[in-house]
Structures are given as structure tokens and as C-alpha cells.
Amino acid sequence: MSVSRGGDGVISLVGDCTAQDAERLLTALLDDRKAIVDWRACDSAHTAVIQVLMASGAVVEGPPRGWFLAQHVAPILTQGRS
Amino acid sequence: MNEFLEQFLIEAKELVTQATDDLLALESRPDDQDQLDSAFRAFHTLKGAAGIIEFAPMGRALHAAEDLLSRARTSEVRLDPPRIGECLTVLDQVVQWLDVIEGTGELPEHAGPEADVIVARFVHAAPSPAPAPGAQQRLQNPDDQWVAKLFAGDSARPAHRQVAVRWRPDSACFFDGGDPLAAVAALPGLMALDISPCKAWPPLEEIDPFACQIEITALAAATLGQARLAFGEAADQVEFLELDGSDQTLPQPARDIIQAQIELLEAPPDSGSAGRLRSAGRVAVNVLRSLGQDQQATSLTKVLGERPDGPALAVALRRLLGTGSPAGPSAQPQLRAETAARSLRVDVDRIDALVRLTGELTVIKNGLDHVAGLAEAGVTPAALGAALRDQQALLGRLVDDLQHSVLSIRVLPLRHVFQRFPRLIRDLSVSLDKPVRLVIAGEATEADKAIVEGLFDPLLHVLRNAVDHGVETATARQAAGKDPQAVIHLRAARQGEHVLVEIEDDGRGIDLDRVRETALKRGVASAEALAAMTPAQTAELVFAPGFSTAKAVSDLSGRGVGMDAARAAVAQMGGRVQLESRPGHGTLVRFVLPFTVMMTRVMTVEAAGQAFGLALDTVVETLKVARDDISTIGSAAAFVHRERTIPLIDLGRALGAGHGPLDKPDATVVVASVAGQRVGLEVDRLGGRMDVMLKPMEGLLAGMAGVAGTTLLGDGRVMLVLELGELLS
């Protein structure tokens, strides 16, 4: 399980997140629209997961562990919000 | 640098030259199998050498060209001009690498990607895996906004070529196990990424997490082939845009800024023009620097520095945007700065001659021992003097031989400089769309290394002028009843102590009326002066500093600055430039150069009590002229010799050193030839002939007119060697 909900309004993405994780993430975000997504332990994420992060406009806490995510994807997410 | 590498550099340069020659020959005779074999061997050998020395990227690039040539040998592909162009590009790149290796001993860091670009060009040129038709078509449109957007976020991008990709994955791709971002992450050399929704995101509850709804754009320092590979089967859905480093697409904001500067420059001139020009130039340079395009910035700075004017700068800026000159950005031939050869290949015979001469020096040393012995034994001064004279004569002959031998080591055939022009003329001809054939003759003519190496720039100026201004367009030539393909001859010949180099085109010649008009307009000469000029003198005005007859500012030959610079460069080597023009038939530019810059043969004379040298090649003869035979015309004097009236000039007086003794019944006269005119110089006394190492005037005296240089006499006195042309003009 790469997507887990803490009780404190934080959704954690851990390790390699698959396409199935996208649905779990979406469900979690629908439950708590103000949740912060902590992806500091995330190594990789399927396009579907990134798509959900973008569409939801969720606040992410990073940087993610994966180089590609940190280098190229994270800036797009933060830039989308500003 | 180790010896191995040095040897590699020497050989590599020779092989590049060989391959270039062969390729150019193949362009005119595509079916010449021998030439093809020779080109193939050159590439093959060069590749092998690069492999041995472990310059893998160089090997890879050369292999691509070698492979093409190999297929051409088996008639699998036709070696058409574009393919030859690709092979020449490889050689250009190799030469650039060689220059770096020469300086650092290693291939530059970016050689890998550079080699990839070259390899990709060949993959591209190959008939087989063609990109998807849609993608191919879009490649033609470099102005796509999405590319500019990618660049906007990436200000520090390096100046290499890249591939930009745009991909809107199939919305059902997740079901097939597709992960588009993973594919993008696998792109080699990924530099920039952007993800955007295909349409505005719906409310969160309506999102289908299993439908891909994004568009991905990315920029990678990779070749088209590598990029396609990274996308695998999906590659057909991806739009690729290969960006060549040479016509770098500027990001849109930069384009806008530069466009604004062009408009500023093209505003009607007023009192603020000069200030506008400088600020526009500065802005453009800063924009380029901020984008990391230092090379472009530097060349723009040069345009600003040379002779800043609005139109020239506007042309340069338009070129940056790829909207300006008819030739377009990539068509501008790459002109490499002249790099003097640091190593020489010398005939073993010449070295052997030196060894022999060194042996003879030992003999003379022993001979002097003997003379010293005689002196100690108390022989008469007369006998001692005679013995010393003998030794001096021997030593003198030997030093002459030695000097001659050493100088002959520095002698190179003009081929070294000529061989670079076929390629340049080819590129110029293509970029100006004027068919031109360069015919080279006499490339085996030898000259001093300094002359051979100094010739590149002036020749380049003159040749560029010939193609740009001398030669008409193919249509104009046909209308004039000429062969549409122009011919430019580049010839060299040895003439006595001189080397002649001629550049002759069969173009339109120099339009004297336009020269007069322009000279008048530019204030180069007054109307009266122009009216008094012969046609030849008028034509010579093209050498005047700042003169130009070019209608539009051309990025090739500049604005007449070239001819001025060419004449100065030739003069610096002790030569002169002659010009002949036949309107409608062509122009001939002739460089008359000394064979060697090191040694000058002079005749010494004495005038007003001082010794002077006269270059021996200007001296025609020496005479005694009876005072009665000298007629004075006002303050001038002349005498008749061999049925010609020759003006007589008192050298001492001409030098401002006062009269020589006038009481002698005969005047001692040196008849010299100055600019084709005979002139008599009256001197006090004639000296001998000598070979001198001429030292040019330096420092405060550098600008001194009439003096070619100085040399030391045997007794330690300094002798001025006169430049009669300047002195008497």
C-alpha cells in the first residue's frame, strides 16, 4: 500500500505508486479535500497519480525521494498553484 | 601533450584535408570510383586513429560518414550533394574537436552529444526508418509556440541541439499498462518537462483516474533516434522536433525583445539614432547572454564593434530570428579562425643538408684554431690578415648556405592555404545561390610559412568579394550571354624573389561609375580628384578605408571593409595588391608577395654621410651621370638614359638630411623602379649588396613613412632600409 492516510489530514505517498494508487489517492482526497499530500518518501509515481495531484490542486509536501519527480514533476505541481 | 597525440593531430589534419578534397571532387564527378575509394580510406583511417587514441565520440561520428561512403561504394546509395554536405559536416566537427584536443589534449566534454547529433543526421538521411508522416510534417514548423514555452523555463540551456517532444497520450493508455511519464523520464538528457491538462480539470469528483487527460512536452539533449527509442511503440503518437544548435529557436520573449530592437533600428534616422543603435545592440547582446548563447552574443558584439550602423545591426538581428538575410541562419558558412600550423613536415633531405652544414662549421672552427696558432707564432700581420680573410670567406659561404637551408625548412607550398578555399567557395556559392566553380592552379608554389599562413585572411576577403559582388546571379549571367556557372581562378606562381597570387573572376567587373558616385558620397575623393583619375586609379578606390559599393549590407563581404583589410594584411607581409578590372568580363586581384619575410636583399648606399639600404628588387641599375647631362626643370632635375627621361632625386635631400657634395663631375645614380616608374636617386657613394634580416619599425617609429625597417651593420651601426614607394609618393 503506497497511499496511506494519517489521522492528521496528511496523505502519504510511499515508494513506487502505481496506477491503482491513483484511485486510492483520489478517494482519499475526496474524503478530505484539504489534506496535504506528503510524498517525501515517494520514489516514483504513475502518470495517473500525478494527474490526480494536478487535478486536485492538493498541497504537496516534498521534495519527493525520486529524482525525476523532484527534478521535473514537483516544479510543475507547485507552479500550478502559484 | 604526448608524442602519440601530436602524431595523431598531424595525421588527422592531413586526413581531413584529404577527405575534404575527395568529397569536393566527388561533388563535381559523383561517379569517380577512385575518388570515392580515397575518401572512404581517409574516413576509415581517421576513424581507426580516433579509436586507437580512444576518442570514441570522434570515432562514432566518423563511422557514420564512413558507413555512408561504404554504401555509396556498393552503389547502394547515391552520393548526392546533400549527402556530401553531411560528410563535410562531420569533417567540420572533427576539425573543431582537433582544435580543442590541440589545446587541452582531450576531446571537449560535449563531444558525446555532438557526435550523437551527427550520427542522427545520418540516420535521418538513411532511407530506412522514416518517422511517422504526421511528425515528419510538423518538423518543418520550427515556430511552434510549445517549443518556445519549454525554453522559457530553461534559461541556462546549453547551446547544443536538442529534441523537443510533444505527446498527448491516448486517454485509454493506462489500461494498456502505459505510463507516459515513465517513458519521458527515460528520455536521455531530459532537460525540461511540462505537463498540462488537455482541457480544464473537471471538479474532483468527476475525475476519472484511469483516463489519461494530459499533454506532455519535453526537451532533451538527445538525438531524434534516441528519443524515438525511448517512446517505443508510442513513438508514432509523439511529435518530435529536432532543434539544431546552429539555428537555435529563441524563446518567444527573447524573440519579442529582439523584434522590438529591429523596429527601433529601422525607424527613420534622427538625432537620437546613434544612441538608439548602441542601446539596441546592448539589449540584444544581453538577451543572448542570458540565454547562454555566448557565441551568438560574441558575434553580435563584433558587428557592433566593427563599424556600428543601424542597417547592419538590423540584418544581424533578423538573422538571429531566422527572418532576415536570404541565405537564412544555417546557410552561413562556418568560417574558422586561422590557426597557424604549429608543426611542420620537413623533407629529410633538408634536414640532412643542415647536418652536413653543421659538420662544415666544425671544420671552420678548427681552421680558426689554426689561424690563432699562426698569430701566436708571430707571423706577419699581412699573412695573418690573409689567413683570416680565407676563413671569413669560408664562414661567409657557410652562413649563407645555413641561412638558406634553415629558411627552406620554413617553406611551405601554398596548397596549405589554397586547400581550404574549395570548401568555403562551395558553401558561399550555396548560400548566395550563385553557381561558382573555383579553379586552383600553382598550389605547389612555395613560400615562407609566415606568408602562407598570413595569406588566408586576405585571400578570403578577396574571394568572398568575388563571389558576393563580382559574380552575377545565374540569371543575370545568362542574360549577358555568359555560362550561368561563374569561374573563379585562384593561381599562384613564383617570379624571381616574388610569389604572385591571383584571384580572377569572370563576373561583372568593377562598375567605375558607381565607384565614383560612392567615393564622392562617402567623401573618399573630391569631384576634381575623381575627374583626374584614370580608370585604374578609380578602381583602386575600392581599397580605400570605409569604401563600399555593396547595395545592401551583406553578411558575407561586409561593406568594403574586407578589401581594405586585405590590402593592409598583404602590405604587412611586405607585399602589394594590384587590381585589374574589365567591366562585364571580370576582375583580377593580384598579390605580389616576397618569397620570404625573413631575408631581404638590399643594396647599401651612402647619402648625406649616412648609410641606407635599398631593397635590391627595386634597383634597376647604377650609373654615373655627368653633371652636364642633368637638366634642371625648376627645382626638379632629370636626365635622359636609354632614350627615356628619368627624374633625378637627391636622396639626401629627399630624406631631409641635406645635400651631398655637388662638386664631383659625375653624379652617382641608382635607377630604381617605383610603382612601375623609373626614378633616379643621386647618392654619395654606392655600397655593396647584402642579405639582411629586416626588423620592422616598432613603437614610436612604427608609423614612420618611407622606412621598411632596420638592420645592424657589421660595425654595429644601425642601417635604415628605405621603402622607396612611400618615400617618393
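Ala64(B) counts as buried, because its C-beta has 23 C-beta neighbours inside 10 Å and the cut-off for buried is 20 or more. Keep in mind that this is a predicted model.

Where does Ala64(B) lie in chain B? It is part of helix α3, which covers residues 56–73.

Next, which residues does Ala64(B) touch, if we leave aside its neighbours within four places in sequence? The contacts are Val90(B), Ile118(B), Val119(B) and Phe122(B).

Now to where the two chains meet. Chain B puts 19 residues into the contact, and chain A puts in 18 residues. On the chain B side, two elements give two or more residues each: α8 (180–185) and β2 (190–197). Of these, β2(B) gives the most, with five residues. Sorted by class, that side of chain B has 15 nonpolar residues, three charged and one polar.

Last, chain A by itself. How many helices and strands does chain A have? It has three helices and four strands, and from the N terminus their order is β-β-α-β-α-β-α. Chain A has 82 residues, and 45% of them count as buried. If we take the contacts in chain A with a separation of 6 or more, 53% are between residues 24 or more positions apart.

That is what I have.

Terms used
Residues are numbered from 1 along each chain as its sequence is written. Chains are lettered from A and ligands numbered from 1 in the order in which they are written. This is a predicted model: local features need pLDDT of at least 70, side-chain atom pairs count only at pLDDT 80 or more; totals for chains, interfaces and linings use all residues. A residue is buried if 20 or more other C-beta atoms lie within 10 Å of its own, exposed if 12 or fewer, and partly exposed in between; C-beta atoms are placed from the backbone. Two residues are in contact if their C-beta atoms, placed from the backbone, lie within 7 Å. Ala, Val, Leu, Ile, Met, Phe, Trp, Tyr, Cys and Pro count as nonpolar, Asp, Glu, Lys and Arg as charged, and the others, Gly among them, as polar.
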